[in-house]
Amino acid sequence: MIKALPIHIQQVVKTYGRIHALDHVDLEIKSGEFLTLLGPSGSGKTTLLMVLAGFTRPDSGSVRFGDREVIRTPPHKRDVGMVFQNYALFPHMTVAGNIGFPLRLRGVQKDDIHQRVEHALSTVQLDGLGDRRIDQLSGGQKQRVALARAIVFEPRILLMDEPLSALDKKLRDHMQIELRRLHEKLGITTVYVTHDQREALTMSDRVAVINHGRLIQCDSPRTIYDYPASPFVANFIGESTLIPVKRSNGNVVLDGQVLKVSGAVPDGRCSLMLRPERLTILPDRRNPDYNVFPGVVEEVVFQGESFVAYAVLESGTHVSMRGISQRETVASLPSRGKAVLLGLHWEETVLIPEANEDAPG
Amino acid sequence: MNWLSRPVSDIQITHGSRLWLYIVSGLIMMFLVVPTLIVIPMSFSDSQYLEFPPRVWSVRWYDNYFGSPEWMTATWVSVRAALLTVVVTTPVATLAAYGLSVSNLKASRWIFILLITPMMVPVILIAIGIFFAYAKLNLNNSMFGLVLAHSVLALPMCLIVISAGLKSYDMNQELVARSLGASRVKAFLVITLPQIRFSVISGALLAFVVSFDEVIVALFITGGEISTITRSMFLALRDQIDPTIASISTVLIMVTTLALVLTQVFGQSDSP
Amino acid sequence: MADALNARELRQDEWREKLAMFGLSLPALVLVFAIIVVPVGWLFWLSLFNDEGVLSLSNYTRMFDSKSYTRIFITTFKVSILTTVFCVLISYPFSYFLSQLPKRWAAIGLFTVLLPFWTSLLVRTYAWLVVLQRKGLVNEWGIELGLWDQPLKLAHNLNGTLVGMVHIMLPFMVLPLYASMRAINADYVKAASNLGANPTRAFWLVFFPLSLPGLLAGMVVVFVLCLGFFVTPAVLGGGKVIMVSMKIETLIDLFFNFGTASALGVVLMILTLAVLFLAHRLLRLDKILGERGA
């Protein structure tokens, strides 16, 4: 039996008046993949999820689950599991009633329902809570019930709309790992919506970054983080300072210094991405693996597990540099007003194309 | 410390300084309830001029009421009209409330306003309008015509109550139900309706009361065999004061109180 | 754009769904159209013809020429305004009292509002007749206790009408007022007294303005309902208090004069809608002011 289906999204457009909620989105989601739609609020990520679920009818485009075109299929015939942000559990039914609901709709035998509900409960580690009323559950338990309800009828596709956003941080971190484990066990194609970049990086096989209704980049978490396709992605995921660079004779130049660069140099105008944790303080300029940026320390802030040094480069650009709070690094901390040499390893020297369509903000 | 000097709230107001408020409020509560309730003992007075407390007790006004074919007919007309009004209005209002709350049409607001016009147009104008139209359609003095008219009058209240219920209901539940395999109709019947049932019941109860209480439209469009009890009471009050009305009133107060208690009970069971 | 992927089919589906959702309110719309809009529109049409069946505004001009009509409108307004004022004076302290009680006790207090609210209007009007009439309860007790010797005229006049109407309208004022007072965050008043306002000033500067929306809503409802009132003045007024609705009824009942009756009805409707419209604007204004203040 097929456990999962690929999703083919083609040229999906949704407008509200003159606003493009989705602007010609193309996306291929592989069978069994955990894909996260990541973007700021109002970016269109939830709209795309609702299009997949069938609750939002796009203006045009095509969505196929496997070979089946579903763009005009009503939600109840799409066979997708769905978990909402507020769980949307049915308060007039017990936990078992909620989980058994999709099975009853499919005319499953009573004994069979009971068995499968029990199984689903144990899958989400809620054994024995079937008779509980919904209002007797904690937030985390509600979350699990909503999940069990969405997977009990063995859909090939699971959609989740910010399912963890109502939980407190500790529980959220825990559930992230658990969801990930569950996904590995079930092998179901999962589309997950979040605005939390850390969550997206933690859980996903691939992350699709969306802004202003457009798909900007869809790659593995590492690629998204290391090689953002645009300034928006670089800024939205992790911290970064972007410094425009110049070109001369095929070389990339910053403040008169030729940069040693990793990967291909993009065409057109581009910027150097400086991530705080990628910068190190160098004792001298001797190490040839590093691009070196001299600057002056403005401030050093202790943040617990790490510290951040704010510095201004010779060109006047403000950058920050993060180091872990470890005895050696702390000892080498410069003090305010001191000159420092900030180093960036050439393998981590990445240029971002200055895309004109997604200026941040 | 005695009770009067104890503070009422976190800011320094004592019960003593609020004594006047308690007394005034007590009087207002009496004003609200006593005149209505005093009819009950008086209806058992034997005298033509109802007394309180009755010097001689009797149930003659009840005999008058229950023994009179006219009053009994009128009562049944009212009960039937009210029940039929509930049967017509409740589903019509529920459908409209659902349709308006689900569709995000700009027209929804205007449709809603149009649907509550029966509440804003003076009843007397509605009454003569219906009377005039029914005269052309030969619908005056018919149960059908009466129920239609009362259904329209009950529609706004019913619609408002059910819409309010839907507003506080989480529509995501219906979406979830549909993604889990329920058709739209099924999702409404199995998930939404059970959760807004108290609003629907309240709406139905209101529809019943609106119809049962209605005087002015009934005054114009009914008569003879199809005369409602409130119409008959009104005519009787305007002409001469018949103490039988005291007994009828007592019965109506009892019914009202029962209904009120029932809604309280329903209300409690509905909220988790 | 016409050849975009599935665009035509999706547009059709969208329209079909919109139509279906609109269809849900169709029964209600048909009812309102058939029973309210068409007949009332018809009456309006009738009101534009004079007794000879010629198009004219005579039905309307008559209202301004004839003193008797002017008097009826004055009576209607007088009764409505007085009833509204008395309702405010009674409801405000009472709602305040209820809003300060713990919820459980307030429920009991509200019961005294809901019981008359649900009791038939006719029953309540009748009850006041029994209490106030010449040989009624008040007169009987008053004479028996020697407070006065001749029966006072309490019913069948303006006073009786007002007492009955205030009693009937009170719930419409208390319920919204109570709701808006309950919604006032007690911390605001605490903050005010923390900033140095004494309880009286805290009340007038903080609590009262916040309760205004509920008060206004109640006033509008009561005033509008009073404008069209019929049963209570007809029974308790004893023919001395003639309001517009009653005049309309007489015109139809005795003279079968649809033209004049309709014109009166139309004017009454326009007045009612004007009050509602003004209130709508006013309440929204209030919201804007509230936001600016916050």
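**Exercise 1. How many of the residues of strand E9 (residues 206–211) of chain A are buried?**

Some conventions come before the solution. This is a predicted model, in which local features need pLDDT of at least 70, side-chain atom pairs count only at pLDDT 80 or more, and totals for chains, interfaces and linings use all residues. Residues are numbered from 1 along each chain as its sequence is written, while chains are lettered from A and ligands numbered from 1 in the order in which they are written.

Solution. 
- Step 1. A residue is buried if 20 or more other C-beta atoms, placed from the backbone, lie within 10 Å of its own, exposed if 12 or fewer, and partly exposed in between. Strands (E, at least two residues) and helices (H or I, at least four) are DSSP runs, numbered from the N terminus.
- Step 2. In E9(A), 6 of 6 residues are buried, and the strand is mostly covered.
- Step 3. In a regular strand, side chains alternate between the two faces of the sheet. Arg206(A), Ala208(A) and Ile210(A) point one way from E9(A), and Val207(A), Val209(A) and Asn211(A) point the other way.

**Exercise 2. Work out which strands pair with E9(A) and in which sense.**

Solution. 
- Step 1. Two strands pair if DSSP finds at least two bridges between them.
- Step 2. Strand E3 (residues 34–38) of chain A pairs with E9(A) in the parallel sense over 4 bridges. Here Val207(A) stands opposite Thr36(A).
- Step 3. Strand E10 (residues 214–219) of chain A runs antiparallel to E9(A), joined by 5 bridges. Asn211(A) has Arg214(A) as its bridge partner in E10(A).
- Step 4. E9(A) and E10(A) form a hairpin with 2 residues between them, and His212(A) in the turn has a positive phi of about 50°.

**Exercise 3. Describe the side of chain B that touches chain A.**

Solution. 
- Step 1. The contact takes 15 residues from chain B and 19 residues from chain A.
- Step 2. On the chain B side, helix H9 (172–179) and helix H10 (184–195) are the elements that give two or more residues. H9(B) gives the most, with 6 residues.
- Step 3. This side of chain B divides into 7 nonpolar, 6 polar and 2 charged residues. Ala, Val, Leu, Ile, Met, Phe, Trp, Tyr, Cys and Pro count as nonpolar, Asp, Glu, Lys and Arg as charged, and the others, Gly among them, as polar.

Conventions
Contact = placed C-beta atoms within 7 Å.
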